[in-house]
Amino acid sequence: MASKKKVGSYPGGMILFSLTSALFLIGFCGMLVLQSKKLVRYIRENNEVRVFLDKDLDAGQQKKLYDEIIKKPFVLYTGTTPQISFVSKDVAAKEFIAETKEDFSKFLNENPLRDSYRIKLREDYFEEVKLEEVKTDLESVNGVFEVVYQENLVDNINKNITKIYIIMSVFAVIMLIIIVVLMNNTIRLALYSQRLLIRSMQLVGATNGFIQMPFLRRGMTQGLISGLIAAVLLFVLLQLAIRNIEGLATLQEPEKTGILLGAIVILGIIIGLISTFQAVHRYLSLSLDELY
Amino acid sequence: MFTNEPVLSLSQADIYQGGRIVLADVTFDINKEDFVFLIGRTGSGKSSLLKTLYADLWLQSGSGRVAGFALEKLKPKDVPYLRRKIGIVFQDFQLFMDRNVEENLRFVLKATGWKDQTKMKNRISEVLMQVGLGTLHKKMPHQLSGGEQQRVVVARAMLNEPMILIADEPTGNLDPAVGEQIMQVFQTINNSGTAILMATHNYDFLRKYPARILRVEDGKVTEQGL
């Protein structure tokens with residue numbers, strides 16, 4: 001015996017596949033955003049401004065200068081500790097020689113380098129304009145000879161990250177549009193194939209809510225299943241990436257990843273529900289002649 | 001509450017189909033216990049008139065009242081509740097062939113808000129008895145004759161105890177003897193207090209079952225004696 005034609009049933013394989021793909025891609029974008037944000041934060045917070053001091057400063061003057069710098073709003077604190085380190089000219093010389101493999105002490109009688117402070121800045125000062133202001137501010141302090149930071153790096157990172165975010169957002173929006181159109185068409189076909197059943201229901205006095213309910217339930221279930229599949233795939237992919245990409249483990253924030261995966265499941269349900277609702281609502285509003 | 005108000009009344013109503021007026025200035029009443037034949041040639045506007053009565057077409061001018069609902073003020077959300085007060089029977093309003101008689105009827109009850117399984121079962125038994133099919137609950141539609149199938153359709157229309165039964169060519173696909181049986185079912189229903197408005201081309205019925213006749217002709221609806 002043929003199976004019963006249930007109202008609200010329609011071939012869901014294609015929708016399930018497409019919705020899962022869309023959610024996976026959206027989740028993937030989200031994960032990239034999370035990882036890149038953490039990476040950027042790491043880069044930003046490790047970006048140092050170097051403050052070279054006048055040559056004739058004694059220990060007392062250096063301490064006074066240190067006390068003045070730690071009061072600046074742009075200095076990064078870890079707990080109550082300002083992230084400022086003192087690098088004496090001797091240490092700087094050793095670093096220079098180690099990096100360049102050129103021992104200047106062999107042909108110079110004195111160390112031309114200066115004592116310096118290396119200051120880590122707060123993340124929100126990671127912009128070229130603000131860094132310029134920091135430089136000006138620090139250079140106005142008595143005892144500061146010069147302030148140096150790596151120019152252009154900041155703007156380059158900012159620009160590239162913005163580009164990546166825009167591309168990902170466009171991609172996610174396109175995927176969402178595709179899934180809404182796909183669900184719309186599938187449901188329209190389902191409604192057409194069940195028009196006799198729906199017409200009968202309407203003629204005996206079934207409300208649109210009653211007719212819509214099986215469609216909505218199915219849309220929601222499909223969204224839930226797609227969301228769960230996408231979340232599991234993303235989790236597996238992340239674990240594989242952590243195992244194979246060196247240093248990626250340090251960028252992980254399990255709480256945020258959990259929230260993202262949960263959001264993918266909820267997004268699946270919402271997309272399933274809204275797409276189904278608008279498609280069914282639209283076609284039930286048609287007169288019976290138009291539906292035929 | 002007892003009332004003498006007509007079950008159905010139209011007053012100076014114009015009936016439209018796709019923006020075109022097909023019947024003008026239609027005025028008539030149908031009272032509780034009336035049996036009314038609606039006759040007219042194919043394409044004369046009978047179906048449009050019936051569609052207007054069960055709100056498949058909107059009443060755009062004039063006024064009308066069906067089972068307590070004012071057609072000219074009807075909102076889309078009211079339509080299902082109007083239809084629950086009307087039983088609708090016509091040729092292309094078929095049974096679901098993939099479920100048995102009882103399931104066909106239970107489906108309608110569920111669709112119209114019934115929840116209690118016992119009450120549903122009792123009501124199904126009642127309407128099947130009413131149309132003379134008390135023992136066919138579990139039969140599939142393809143196991144029934146054409147006449148029996150149409151009786152199930154009538155039983156389905158009676159489920160929500162409608163105030164009026166609207167039938168559009170209910171015997172059109174049946175041979176005369178079976179059509180006769182269906183007519184007798186309608187008579188029984190009518191005798192138990194449900195008004196009936198039946199569109200038909202079978203003029204034998206008009207002779208055998210004398211009743212009020214509304215003739216649809218030349219864009220008008222007129223009352224006719226035998």
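Two residues are in contact when heavy atoms of theirs lie within 4.5 Å of each other. With that in mind, one can look at B:Leu105 in this predicted model: leaving aside residues up to four places away in sequence, B:Leu105 touches B:Ile124, B:Val127, B:Leu128, B:Val152, B:Ala155, B:Arg156 and B:Leu159.

**Chain B and its cores**

Chain B contains seven helices and ten strands, and buried residues account for 55% of its 226 residues. If one takes the contacts in chain B between residues at least 6 apart in sequence, 67% of them join residues at least 24 apart.

B:Leu105 also belongs to the largest nonpolar core, which has 40 residues, and is listed among those with the most contacts inside it, together with B:Phe37, B:Val154, B:Leu165, B:Met183, B:Phe186 and B:Met198. Several elements of chain B give two or more residues to this core, including strand 3, helix 3, helix 4, helix 5 (146-158) and strand 7 (164-168).

**Two pairs of packed helices**

Two packed helices are described by the angle between their axes and the distance between the axes. The table sets out one pair from each chain.

| Helix pair | Axis angle | Axis distance |
|---|---|---|
| Helix 3 (residues 101-111) and helix 4 (residues 117-130) of chain B | roughly 120° | within 10 Å |
| Helix 1 (residues 13-45) and helix 8 (residues 254-284) of chain A | about 150° | 10 Å |

How are helix 1 and helix 8 of chain A oriented to each other? Because angles over 145 degrees count as roughly antiparallel, helix 1 of chain A is roughly antiparallel to helix 8 of chain A. Their crossing is right-handed. Helix 1 of chain A takes part in the contact through A:Leu19, A:Leu23, A:Ile26, A:Gly27, A:Gly30, A:Met31 and A:Leu34, while the residues from helix 8 of chain A include A:Lys256, A:Thr257, A:Leu260 and A:Gly268. By class, the residues of this contact divide into ten nonpolar, four polar and one charged.

In chain B, helix 3 and helix 4 are oblique to each other, and their crossing is right-handed. The contact is made by residues that include B:Val101, B:Glu102, B:Leu105 and B:Arg106 of helix 3 of chain B, and B:Gln117, B:Met120, B:Ile124 and B:Val127 of helix 4 of chain B. Seven nonpolar, one polar and five charged residues make up this contact.

**Residues in loops of chain B**

Most residues other than glycine have a negative phi. B:Glu33, however, has a positive phi of about 80° although it is not a glycine, and B:Glu33 lies in the loop between strand 2 (20-30) and strand 3 (35-40) of chain B. B:Ala67, another residue other than glycine, has a positive phi near 50°, and its place is the loop between strand 4 (61-66) and strand 5 (69-70) of chain B.

Is B:Ala67 buried or exposed? Its relative accessible area is 9%, and because buried means under 20%, B:Ala67 is buried.

B:Met97, in the loop between strand 6 (86-90) and helix 3 of chain B, counts as partly exposed, at 44% relative accessibility. Although B:Met97 and B:His142 are 45 residues apart along the chain, their C-alpha atoms are separated by 6.9 Å. B:Met97 touches B:His142 and also B:Met140, B:Pro141 and B:Gln149, when residues up to four places away in sequence are not counted.

Definitions and conventions: Residues are numbered from 1 along each chain as its sequence is written. Chains are lettered from A and ligands numbered from 1 in the order in which they are written. This is a predicted model: local features need pLDDT of at least 70, side-chain atom pairs count only at pLDDT 80 or more; totals for chains, interfaces and linings use all residues. Side-chain values use heavy atoms; hydrogens and water are left out. Axes are lines fitted to C-alpha atoms, for helices over the stretch in contact, and angles run from 0 to 180 degrees between N-to-C directions. Helices (H or I, at least four residues) and strands (E, at least two) are DSSP runs, numbered from the N terminus. Angles under 35 degrees count as roughly parallel, over 145 as roughly antiparallel, 65 to 115 as roughly perpendicular and the rest as oblique. A crossing is left-handed if the near helix is turned anticlockwise from the far one by less than a right angle, and right-handed if clockwise. Ala, Val, Leu, Ile, Met, Phe, Trp, Tyr, Cys and Pro count as nonpolar, Asp, Glu, Lys and Arg as charged, and the others, Gly among them, as polar. Buried means under 20% relative accessible area, exposed over 50%, partly exposed in between (1.4 Å probe, protein chains only). A nonpolar core is a set of buried Ala, Val, Leu, Ile, Met, Phe, Trp, Tyr and Cys residues joined through side-chain atoms within 4.5 Å.
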